[in-house]
Amino acid sequence: MSNTEAVKRENPFLGACKHVWKNYSIIVVCVVLFIIVGIFEPRFLQLNNIILILRHSSIVGIIALGMTFVIITGGIDLSSGHVVAFSGAALILIQGNEAIPIHIAIPLAIVVAILIATFVGCVNGTLSTKFKIPAFIVTLAIGIIVRSLTMFSLRGATAGGRIVPEFTQIGLGGIGPIPYSLIVWIICAIVLGFVLKFTKFGSYIYAVGGNESAAHYSGIRVNRIKILAFSIAGLCVGIATVLDMSRMASISPAMAGTMYEFDAITAVVVGGTSLAGGRGRIIGTVFGMILVTVVSNIMIMMEFSPFLSGAVKGGIILFAVLMQRKD
Amino acid sequence: MKKILSLVLAVMLLMTLVAACTEQPAPAPAEPAPAPAEPATPAEPDPEPDPTDETFTIGIVLGIMSNDFHSQMRVNVDEAIADAAVSNPNVTITAVNPQTPDEQLNQIETFLNQGVDILVMMPQDAALVAPLAQQAYNDGVPTIIINRRLPEGIPYTHFIAGDNVDGGRLAGEYIVAYINEHLDGQADVVAINMGSGMPIAQDRQAGFMSVAAGNPAINLLGPEEGYESGPNRESGLETMQIVLLAHPHIDIVFTHDDETALGALTAIQDAGRTDIQVMTGFGGTLVAFEMYQENDPDLILRGTSLYSPWMGYDAVFLAIDVLLGVSHPQDIIQPSVFVTPANVNEFFHLGF
């Protein structure tokens with residue numbers, strides 16, 4: 001039998017499995033993990049718990065979507081969590097300002113918070129491209145600056161806004177059992193996934209990350225693409241901030257957004273995006289985020305000692321990455 | 001374009017510097033913390049300086065401002081510095097907050113190199129600062145330790161702290177009393193911690209478990225260390241959302257922190273759970289105290305183990321007393337109290 005005939009006679013089911021594993025291994029890993037945990041703890045697989053896991057994944061998950069763009073271009077953003085605090089402070093201070101009628105304060109606060117976060121993202125992109133400073137350093141420095149400004153503006157103390165359902169339900173409410181934060185995450189994932197996969201801009205994102213010089217010589221405005229990527233990341237941070245802070249209508253300037261950027265980066269990398277740039281998908285980030293977030297749920301459902309949460313989280317991440325290794 | 005960007009960057013940096021250097025109006029001073037507990041072992045004889053002619057320096061290294069407690073402690077210390085500038089103008093006091101434990105070591109070392117007369121520190125990690133505390137002692141620099149005890153064998157002049165273990169115990173006793181009075185002597189209880197790796201969380205849980213462990217009134221759901229959360233509302237909210245799904249019936253919730261409790265409270269209200277009757281917090285945030293003053297009978301949050309950051313204010317004047325040769329007990333442990341709607345007015349001024 002010739003090789004061609006052998007290929008033609010390959011088991012179609014096996015071929016389908018290979019195709020799924022090659023392109024969607026992160027999803028397979030998630031499903032396998034859920035099944036394993038569900039065997040030991042059936043309550044884990046209850047619909048309301050699955051929805052809760054997705055709800056808890058959604059806020060940092062939105063940040064991770066924007067982070068995907070940045071990392072595909074070969075950059076990184078270490079300011080995300082700090083910008084959550086910074087834009088969150090603006091959100092709560094405006095929303096809580098009794099001099100502004102609440103029906104004006106809420107939309108105004110939301111718009112301002114999102115604009116601030118997007119602007120900071122634009123600043124990150126501009127500084128890292130125009131001044132040719134590594135994004136690691138730029139975003140680290142900007143993050144420290146905005147966190148410090150947040151602490152200064154609130155004197156380090158928790159600030160509360162007006163606790164009204166029109167505001168708190170943004171983060172707590174939903175359509176039926178589906179939380180608004182999950183709906184927003186799904187919409188953002190669909191939109192950004194479409195942009196990345198089917199638009200010219202998306203192809204430029206990959207081109208810049210894959211080979212910046214070649215992209216430049218082929219006429220792509222590399223700096224502009226990178227600035228836009230960072231701006232998209234900032235926009236995602238702003239949206240996530242609104243969903244996050246509205247839940248409690250308050251902000252702790254020291255604690256808000258803590259470690260969000262690391263969870264987002266972990267989700268992006270576990271989801272298959274290369275830190276070297278040029279490769280990655282939104283769908284991978286989505287399921288990577290679920291893997292990162294599910295740990296706390298597992299710890300509580302299975303009543304593990306909290307001292308083991310780090311070991312469990314690290315183990316899940318290693319499991320996911322090892323399962324996806326492509327030889 | 002580059003020039004414009006450079007200008008923008010320079011303006012941002014300048015604004016940051018100006019903001020950092022701008023004097024802030026001193027807040028209105030409030031009452032100091034309640035009287036200390038029973039005296040412990042007397043300290044070594046304090047030095048006898050001449051307070052009228054000589055000038056003295058006090059270096060204060062506080063903790064990382066990671067939550068409202070630490071932020072308020074810094075506010076209280078600044079108030080004490082402002083008050084001391086009036087009462088003791090010959091004493092120069094400098095307070096700093098680190099960003100990391102290593103930075104705290106550098107700050108302590110800097111003060112020692114500058115030759116401060118008294119060193120006050122709130123160790124982020126007591127084991128890390130121990131060598132410097134020993135060095136200060138060897139150099140004859142009195143040290144005042146706030147809130148976190150140094151390792152056994154490391155000398156110090158004074159130790160001033162709240163009692164996390166006792167606070168946990170008081171909450172546990174309140175819960176047991178409630179169970180015996182209202183729940184026929186048996187209840188399902190969950191504990192939500194503020195970060196199992198934090199020593200104060202371990203102390204608070206230990207205090208609670210000193211009452212709960214083996215007590216027939218308490219059926220503790222979940223791990224002995226408590227369910228993992230954080231000292232902020234969002235962490236309390238998310239942890240409680242999962243705990244509510246894991247346990248269809250809960251009677252009482254013990255939390256390590258008021259902020260955690262406020263988040264957990266939102267989760268309970270959002271889920272529409274009516275089985276939970278009591279929640280306790282720890283710390284003394286004004287939001288909780290105001291709830292107690294309103295005394296809504298339907299409020300689940302019923303009590304807080306008070307852990308006031310006013311110990312920072314007291315530590316400043318303790319340091320001045322050391323300079324003046326005024327004796328105090330070596331260990332000053334601020335008594336724990338359990339604040340409820342019944343006694344909140346007595347302790348409201350200590351809230352933050």
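In chain A, the axes of helix 4 (residues 80-95) and helix 11 (residues 222-248) come within 9 Å and cross at roughly 60°. Helix 4 of chain A is therefore oblique to helix 11 of chain A. Their crossing is right-handed. The model is a predicted one.

Helix 4 of chain A brings A:Ser80, A:Val83, A:Val84, A:Ser87, A:Gly88, A:Leu91 and A:Ile92 to the contact. From helix 11 of chain A come A:Val237, A:Thr241, A:Val242, A:Asp244 and A:Met245. By class, this contact holds seven nonpolar, four polar and one charged residues.

## The second largest pocket

## Lining of the pocket

Several helices of chain A build this lining. Helix 2 (12-40), helix 3 (47-72), helix 8 (180-198) and helix 13 (282-301) of chain A each give at least two residues to the second largest pocket. Helix 8 of chain A has the largest share of the lining, with ten residues.

By class, the lining of the second largest pocket splits into 21 nonpolar, two polar and two charged residues.

How values were computed. Residues numbered from 1 in each chain as written. Chains lettered and ligands numbered in written order. Predicted model: local features only at pLDDT ≥ 70, side-chain atom pairs only at ≥ 80, totals over all residues. Heavy atoms only, no water. Axes fitted to C-alpha atoms, helices over the stretch in contact; angles between N-to-C directions. Helix = DSSP H or I, 4+ residues; strand = E, 2+ residues; numbered from the N terminus. Parallel < 35°, antiparallel > 145°, perpendicular 65-115°, else oblique. Left-handed = near helix turned anticlockwise from the far one by under 90°. Contact = heavy atoms within 4.5 Å. Nonpolar A, V, L, I, M, F, W, Y, C, P; charged D, E, K, R; others polar.
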